[in-house]
Amino acid sequence: MIQAGLMGADKIEWMNARKYMYQLLIVMFSTPMSQESYSLIKDNVQTNGFPEEISDGDFLKSFFQEEESFAIQKAREDYFRLFVGPDSLPCPPWESVYRGKDRALFDYPTFEVRDLYSSFGLEMKKQEGQHDEADDHLIYELEFMSILIDKVLDADSPAEQTAALLGQKKMLDEHLKKWIPDLAQDILTNASSLYFQGSANILNSFIQFDSELVNELL
Amino acid sequence: MSNGFFNELNEKKISRRKFIKWSGAVSAPVVLGGIATTGNMVKKAGAELAAKKADELVLTTCSTVNCGGRCLIKAHINNGVVTRLTTDTKADTFELPQLRACIRGRGYRQFVYNPDRLKYPMKRVGKRGEGKFERISWEEAIDYIAKELTRITEKYGPASRYSNYASGHSGSIIGAGNMIQRLFGLTGGYLGFHNSYSSAQTTNATPFTYGTTQTGSTLDNLSHSKMIILWGHNPVETRFGVTDFYVRKAKENGVKIVVIDPRQSDTAVALADEWIPIAPTTDAAMMDAMTHVIITENLYDKSFVDQYCVGFDENHMPDGVPEGESLKSYILGEKDGVPKTPEWAEKITRVPASTIRRLAREYATNKPSALMQGWGPQRQAYGEQFVRGGTVLAAITGNVGVKGGWASGAGYISLVKTTAVPKGDNPVGLTIPCFLWTDAIVRGTEMDAKDGVKGLAEEQDTLPVNMKAMFNLAGNTLINQHSDCNKTAEILSDESLLELIVVSEIFMTPSAKFADILLPSNTFMERWDVGTTWAPSQQAILSQKCIENMYESKSDYEWMTMLAKKLGVEQKFTEGRDELAWIKWSIEESRKTDPNFPTFEEFKKEGIYQVSLEGNSVVAFEQQIKDPKNNKFETPSGKIEIFSKALWDMNDHEEIPAIPKYISSWEGPEDPLTEKYPLQLIGWHYKRRCHSTFDNNKWLEEAGPQVMWMNERDAATRNIKDGDRVKIFNDRGEVHMPVKMTNRVIPGTIAIPQGAWWSPDKDGVDQRGNVNTLTSQRPSPLAKGNPQHTNLVEVARV
Ligand code: SF4
């Protein structure tokens, strides 16, 4: 259990480690790979630092052994093919698509996570003349996790801390855990770059692990 | 990291090794450009944390995809999101039928919120047709289009610019194709088109009999008929407005219903008392034989024919035509020695002579009766003969202009008229038949009046230039719905021919793959328009903008306004109006001629303007028959022209006869090519799609998988079993798809539902089942229409 009132340095360190993991996932899935993100990941990620049984370290390790511009190009192409289009998307990164009955956006998970965001004073940015973005895009769910970890770190009271952890638990157990395994499987089946095979494994395993962890913390 | 924290955790549940690994995997913040978030998730504005649930908003809209139905759709909107759809729930009455959505309509949320929608403007980066694109901004896209358009116009002239026939968005006010033509018109002009892919043969041929295409009556008439013949008409699946509703009502009234179709369509199953299977392309032979029975057994309406028609017999012929050219002479074989008997027709049509004889007698003696023609059988090599044959049967039996009868032919009628945004003038003034656009790319400068080019000035023999700039907006006719996909792909891929292809689309269709610039279009729920059904039509529906544009999509009008600005004609193009302002303008225009047309406010409230048939029943040509002195037909003779002098003067009597005749078709059952390709192939409108729209809807695929129909006899001789994957091939291409064995299609003919998305593998073999891989680009003689149901093929197991 989290100690009332204070957090030890090691716990802060661990919360930060989790945050970095979410940041890594956000970088991996939110933009096509660039020179900048390539170096960022290469410099900050221990590619042999992941648990062995998921072998994702190997994918990433091999990826960073490929010729750089070739590797970046392949990861970029994969990113568009898997998540953006213009062709039919093999891995549409929205929870509603995986859990709703229509394989369409804006099904019930969108509204559930919208309510969850709202209970923490968050919402999707509105833009005049444009349809709202779907709240249950992979990136926003991950971003929510990262924001709530900050809330734990910045909390003024144990109650705030617990509330922020409960929010994470909800996102993990009621959302991420329910669809990430299927999404990751689709990515593994369809990705042609080592990068996204690695990323899919990291995403899936980390979500499973983090859910176990957060449940233990509470 | 120290283990102090970990010790707090239950080691049975969390593995220490995993914990250490995960906590050390990333050692520092991983943020791009110093920004940790996407910036799209923000603090809620205002203090109220609990989201205030706004009231649900219900707006009517109309599926302006090119479906004959255009049903009333009610979108239930919560906080800017369509959460649920319902449809027309008002009482269903004979005069005002309900406009309920079909199985496809229930999938509209899936259409709008489909993750596969095109999201950003794209520019081609690979070879044309390869399908490789890169995201660009709208500004870049518009810049590129403006520059290329200007360059092409300077180099080749405005007649090199073309907007392709497209019907994916078929709102009646602000169609994309019309609007780009308006923009072309303001900047020098363009090559236009006439005809459609739906009804070219009937819209061209029908006026040679009646002087007009407006030959439809209101559908309440059908309940006054004694018999209804639906000839190649399948309103249950195609949804011609509410035709199926009124046919069903007639059936309930005891009217006998006969369906003539190579395939036992859902209409035949649901509504017919009798299904008469017929070999494709031979309809006119059966009509000739029915005429033979009616003439030789004296069942025709002599006084009607004498009074209202030209060309029935030698005594009623126009001047300047030699002996022996009347309908009667031809039917009795007086000149060619071939009487068009039912026995003669049986060999061609595979319809037993006794059936033809019986049907002819029933139709001629049960007056009034309605012979309603579908548009399928006119989409054949000599489809004009089918059209004219139907009108002549209606005329000689006296079924024209009477309640319960039906004039046959194109069948247009509209009780509700909407006003489209004007296209404006086209300084170039030239049009081609829309089916011949591929010809205009390859050999435009050879195309003349014989190819159906209209508007040529006296000293001008051919088109001045080949087509160079192509705008394909909201349509799949750039390849999928045009004939002969392989040939078309070859033409499009040659970047020295078309120098610019702009496509606007909702999905990555086969046509979109050939774009140089690919623009993401919004859907009908994101734009304003008004929907009207296929004829006979008695309603207009306000198709409201229910939600904002998804992703970076725009309506065609929105991006064209940007393009107009770039080309310096924004004010002339928009006249200061956005889409909504044009809708309001259009409504006011319509109200000038139809005071019952609702105001914008009324329209918005009701969502629909549906005219009751009570007191509004129309019988086509009623006046011409009741009071012929004062009401002439709009033909040159003022009468119904069984024999058309205008056709005679075209001087191509073999292929464009002056009376309707059976013409043995190329790639018909009598073509020697049957030795190599013994099976006839037709397409049909499948209930799981609307043309090619919705082919990517996986849920509808379960409801209606893409299969080819084949008669059990034809399957047995080829050792094919139900469910086998087979290859269907001819000299134009090859398709692989599963087969369904059935007795619902006449032996010797196979049927592939049209509209599947062409999916060639690396050897060019279509793997999805697109019928147009196998169809021909050879046009029909008079209309220059598409001959989609005229194909010979062979089938074998893969
Ligand atoms: S597809 Fe046609 S018939 Fe079906 S709901 Fe839409 S408009 Fe109506």
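Me: In this predicted model, does Glu95(A) count as buried or exposed?
Reply: The cut-off for buried is under 20% relative accessible area. Glu95(A) has 0% relative accessibility. Glu95(A) therefore counts as buried.

Me: What parts of chain B does the salt bridge between Arg124(B) and Glu495(B) tie together, and how many residues apart are they in sequence?
Reply: The closest N and O atoms of Arg124(B) and Glu495(B) are 3.2 Å apart. Arg124(B) lies in strand E5, residues 122–124. Glu495(B) sits in the loop between helix H17 (485–493) and strand E16 (500–505). The pair therefore ties together parts of chain B whose separation in sequence is 371 residues.

Me: Which class of accessibility does Arg124(B) fall in, and which does Glu495(B)?
Reply: Buried requires under 20%, and exposed requires over 50%. Arg124(B), at 19%, counts as buried. Glu495(B), at 38%, counts as partly exposed.

Me: Which residues are joined into one network with Asp695(B) by salt bridges that share partners?
Reply: Asp695(B) forms a salt bridge with Arg688(B), with 3.8 Å between the closest N and O atoms. Both Asp695(B) and Arg688(B) are buried. Shared partners join Asp695(B) into one network with Arg688(B), Arg689(B), Glu701(B) and Arg768(B).

Me: How many salt bridges are there over all chains?
Reply: The rule asks for a side-chain nitrogen of Lys or Arg within 4 Å of a carboxyl oxygen of Asp or Glu. Over all chains, the count comes to 54.

Me: How many residues around the ligand are nonpolar, polar and charged?
Reply: The residues around the ligand include Cys67(B), Cys71(B), Cys102(B) and Tyr108(B). Also among them are Ser63(B), Gly69(B), Arg70(B) and Arg239(B). The shell divides into five nonpolar, three polar and three charged.

Me: How are H1(A) and H2(B) oriented to each other, and which hand does their crossing have?
Reply: Helix H1 (residues 9–30) of chain A and helix H2 (residues 16–25) of chain B have axes that come within 8 Å. The axes cross at roughly 65 degrees. H1(A) and H2(B) are therefore roughly perpendicular to each other. The crossing in which H1(A) passes H2(B) is left-handed.

Key:
Residues are numbered from 1 along each chain as its sequence is written. Chains are lettered from A and ligands numbered from 1 in the order in which they are written. This is a predicted model: local features need pLDDT of at least 70, side-chain atom pairs count only at pLDDT 80 or more; totals for chains, interfaces and linings use all residues. Side-chain values use heavy atoms; hydrogens and water are left out. Buried means under 20% relative accessible area, exposed over 50%, partly exposed in between (1.4 Å probe, protein chains only). Helices (H or I, at least four residues) and strands (E, at least two) are DSSP runs, numbered from the N terminus. A residue is near a molecule or strand if one of its heavy atoms lies within 4 Å of it. Ala, Val, Leu, Ile, Met, Phe, Trp, Tyr, Cys and Pro count as nonpolar, Asp, Glu, Lys and Arg as charged, and the others, Gly among them, as polar. Axes are lines fitted to C-alpha atoms, for helices over the stretch in contact, and angles run from 0 to 180 degrees between N-to-C directions. Angles under 35 degrees count as roughly parallel, over 145 as roughly antiparallel, 65 to 115 as roughly perpendicular and the rest as oblique. A crossing is left-handed if the near helix is turned anticlockwise from the far one by less than a right angle, and right-handed if clockwise.
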